[in-house]
Amino acid sequence: MAAITRHLANRTPSISSLARRCLSSTLPSETNNCHAPPYSSFNLKPRVPPPEDLKDKHVQWVFLGCPGVGKGTYASRLSNLIGVPHIATGDLLREQLASSTSLSSQLSETVKQGQLVSDEVIISLLSKRLAGGEAKGESGFILDGFPRTVKQAEILEGVTEIDLVINLKLREDVLLEKCLGRRICSQCGGNFNIASVNINAENGSPGIIMAPLLPPADCMSKLTTRSDDTEVVVKERLRIYNEMSRPVEEFYRIRGKLLEFDLPGGIPESWPKLLQALNLDDYEDKRPATV
């Protein structure tokens, strides 16, 4: 990517070398800061770029949120709308798991236990993906699933400038139901969800309705469940997220880059409101006329 290449040339020799320096340091994370400004006691409001800023497709955004919140769904939709690549570390890991290497067997055990993959592995996979995209002339990106720790956020900040961080939020009981309802078609690879969420409003909290995302008839008999989508593993992933990734939200909040977005329901209810929050509600209508 041109944008990343410029940063690499001016600030650091390579993603991998920066990652090695940061990850090999024995200093605590508070002092192991790769070009990150000091924490402050006040929060800044994020700058959401106007639609005209997207014409050069140099968007460099990050999606945060608990497992199962829909980061991949909305990041993919925005990727198609804006015309920048959607890079999901979960997909990079699944590609690695499907390979026949010693690393894939180690990763398999980690994933089954609901544990987070090490920074070293994530940085290595992401470095290769960014380098490959740059070689193909990609410009900009939307990251999904990275960073998950403050250390990862510091490494990323030392490599390139993140414009905006979108933090998707959803009630934990809904997240659990959604994760347990995820299905994959073993034939076409399509992702679906059989969960039907209908929670009434109570104690001042709004109700939430999410219709299932059902597959076409010829996929119905070929649905499979991810091995890590069990109640025990999902709850463990949520616990780990709350423990390790919540500080990442604060990392970006104090830098004025965090946009909090509470999902009001399923895609039909949430997508238009997300576009509005990102100043893209008119962009979708105008895009066909300018392509």
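User: Tyrosine 74 and tryptophan 271, are they buried or exposed?

Analyst: Both are buried: tyrosine 74 is, and so is tryptophan 271. Bear in mind that this is a predicted model.

User: How are the rings of tyrosine 74 and tryptophan 271 arranged?

Analyst: They form a stacked aromatic pair, with 6.5 Å centre to centre and 20° between the planes.

User: And which helices do tyrosine 74 and tryptophan 271 lie in?

Analyst: Tyrosine 74 is in helix H3 and tryptophan 271 is in helix H11, so the pair ties together parts that are 197 residues apart in sequence.

User: OK, what angle do H3 and H11 pack at?

Analyst: About 55°, and their axes are 12 Å apart. H3 covers residues 71-82 and H11 covers residues 267-277. At that angle, H3 and H11 are therefore oblique to each other. The crossing of H3 past H11 is right-handed.

User: Which residues meet there, between H3 and H11?

Analyst: From H3 you have Thr73, Tyr74, Arg77, Leu78 and Leu81. On the H11 side, they meet Ile267, Ser270, Trp271, Leu274 and Leu275. The residues of that contact of H3 with H11 split into 7 nonpolar, 2 polar and 1 charged.

User: How do the rings of phenylalanine 251 and tyrosine 252 sit?

Analyst: Their centres are 5.1 Å apart and their planes are at 85°, so phenylalanine 251 and tyrosine 252 make an edge-to-face pair. Phenylalanine 251 has 0% relative accessibility, so it counts as buried. Tyrosine 252 counts as buried too, because its relative accessibility is 2%.

User: What do Phe251 and Tyr252 in H10 meet, as part of the contact with H7?

Analyst: The H7 side of that contact is made of Val150, Ala153, Glu154, Leu156 and Glu157. Pro247 and Val248 join Phe251 and Tyr252 on the H10 side. By class, the contact of H7 with H10 has 7 nonpolar, no polar and 2 charged residues.

User: Where do the axes of H7 and H10 run relative to each other?

Analyst: They come within 8 Å and cross at roughly 35°. H7 is residues 150-159, and H10 is residues 231-253.

User: What about H4 and H6, what's the crossing there?

Analyst: Roughly 95°, with the axes coming within 10 Å. H4 and H6 are therefore roughly perpendicular to each other. H4 is residues 89-97 and H6 is residues 119-135.

User: Which residues of H4 meet which of H6?

Analyst: Thr89, Leu92, Leu93 and Gln96 in H4 meet Val121, Ile122, Leu125, Leu126 and Arg129 in H6. Sorted by class, the contact of H4 with H6 has 6 nonpolar, 2 polar and 1 charged residues.

User: Switching to the backbone. Which residues does a cis peptide bond join?

Analyst: Phenylalanine 146 and proline 147, with omega at about 5°. Proline 147 is in the loop between strand S3 (141-144) and H7. As background, most peptide bonds are trans.

User: And what's phi at asparagine 279?

Analyst: Near 60°, which is a positive value in a residue other than glycine. Asparagine 279 lies in the loop between H11 and helix H12 (283-290). With 34% relative accessibility, asparagine 279 counts as partly exposed.

User: Last one, the whole chain. How many helices and strands are there?

Analyst: The chain has 12 helices and 10 strands. Buried residues make up 46% of its 291 residues. For contacts with a separation of 6 or more, 75% are between residues 24 or more positions apart.

Key. Residues are numbered from 1 along each chain as its sequence is written. This is a predicted model: local features need pLDDT of at least 70, side-chain atom pairs count only at pLDDT 80 or more; totals for chains, interfaces and linings use all residues. Side-chain values use heavy atoms; hydrogens and water are left out. Axes are lines fitted to C-alpha atoms, for helices over the stretch in contact, and angles run from 0 to 180 degrees between N-to-C directions. Helices (H or I, at least four residues) and strands (E, at least two) are DSSP runs, numbered from the N terminus. Angles under 35 degrees count as roughly parallel, over 145 as roughly antiparallel, 65 to 115 as roughly perpendicular and the rest as oblique. A crossing is left-handed if the near helix is turned anticlockwise from the far one by less than a right angle, and right-handed if clockwise. Contact means heavy atoms within 4.5 Å. Ala, Val, Leu, Ile, Met, Phe, Trp, Tyr, Cys and Pro count as nonpolar, Asp, Glu, Lys and Arg as charged, and the others, Gly among them, as polar. Rings of Phe, Tyr and Trp (its six-membered ring) pair if their centres lie within 6.5 Å; planes under 30 degrees apart count as stacked, over 60 as edge-to-face and the rest as tilted. Buried means under 20% relative accessible area, exposed over 50%, partly exposed in between (1.4 Å probe, protein chains only).
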